[in-house]
Amino acid sequence: YEPLSPNEEEVIQKAFLNRPDLAVAELTVKLQEESVNTAYSGYWPTIDAFYTHNLSKPDPYLSTKNDWGGAWSAGIEMNVPIFDGLGREGRVMQERSILKQQHIALLDTRERTLFDVRNAVLNLRDAAEFVDVQKMTLEQAKEGLRLAEVGYREGTLDQVSVLDTSAALTEAQLLYYKSLYDHAIARLDLQKAMGTLKFKKEENKGK
């Protein structure tokens, strides 16, 4: 049992930094923003430059000259989009619509992250309180059994009373162990909500 009192604001900040689903949603928005910029680029002219150089024997300019010679060419080509107005508008509207959907998905992921973290923090606090209660109950059950055994030795209680208090102690122990288990699970759920839950990889050492 490891007592843990997480600060909700710090836990939320860690979740925003470490949650993989939130990172994917943010990256998707950024990529879609680039897609919108690409769609807008259709309104602008494009300029392409090219350069080629050939080296051959015989000379590429004088085929009768049996020597090495070179030839090169270079140029610039500019394309101005004029007749693709409707196509550009359609692409921009489509990409902007997708971007809006991705923003909504990002907000939904943020809200789900907040819900998961806050719920995990509350569950952990409840589990810690349950451990404290069961620990007190276990101490009381131990004391009850001790008093029952003293009473049995002094003849003020019968064996049935001792058996009843012993059964009560066993039940208190089981509930206490269950509370420890629930607290461990709640701690793991909090790590999962923050995106910091890690699994150990077992190594295969062979037979």
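Asp 21 is partly exposed, with a relative accessible area of 27%; here buried means under 20% relative accessible area, exposed means over 50%, and partly exposed lies in between, with a 1.4 Å probe and protein chains only. Colleagues, the model before you is predicted: local features need pLDDT of at least 70 and side-chain atom pairs count only at pLDDT 80 or more, while totals for chains, interfaces and linings use all residues. Residues are numbered from 1 along each chain as its sequence is written, and side-chain values use heavy atoms, with hydrogens and water left out.

Let me turn to the charged pairs. Side chains of opposite charge can pair when their charged atoms come close. A salt bridge is taken as a side-chain nitrogen of Lys or Arg within 4 Å of a carboxyl oxygen of Asp or Glu. By this rule the model contains eight salt bridges.

What does Asp 21 form a salt bridge with? The partner is Arg 112, and the closest N and O atoms of this pair are 3.9 Å apart. Asp 21 lies in helix α2 (residues 20-40) and Arg 112 in helix α3, so the pair ties together parts that are 91 residues apart in sequence. Helices are DSSP runs of H or I with at least four residues, strands are runs of E with at least two, and both are numbered from the N terminus.

Arg 112 is itself partly exposed, at 35% relative accessible area. The side chain of Arg 112 also meets that of Asp 108 in a salt bridge of 3.0 Å, N to O. These two residues are four apart in helix α3, and are therefore separated by about one helical turn. Asp 108 counts as partly exposed at 45% relative accessibility. Through shared partners, salt bridges join Arg 19, Asp 21, Asp 108, Arg 112 and Asp 116 into one network.

A further salt bridge links the side chains of Glu 8 and Arg 118, at 3.3 Å from N to O. Since Glu 8 lies in helix α1 (residues 8-18) and Arg 118 in helix α3 (residues 85-154), the pair ties together parts 110 residues apart in sequence. Glu 8 is partly exposed at 25% relative accessibility, and Arg 118 is partly exposed at 38%.

Finally, the nonpolar surface. Ile 47, Ile 76, Met 78, Val 80 and Ile 82 make a nonpolar surface patch of about 570 Å². Patches are made of residues with over 30% relative accessible area and no salt bridge, with like charges joined within 9 Å and nonpolar side chains (Val, Leu, Ile, Met, Phe, Trp, Tyr) within 5 Å. Accessible areas come from the Shrake-Rupley method with a 1.4 Å probe, and for residues only the protein chains shown count as cover.
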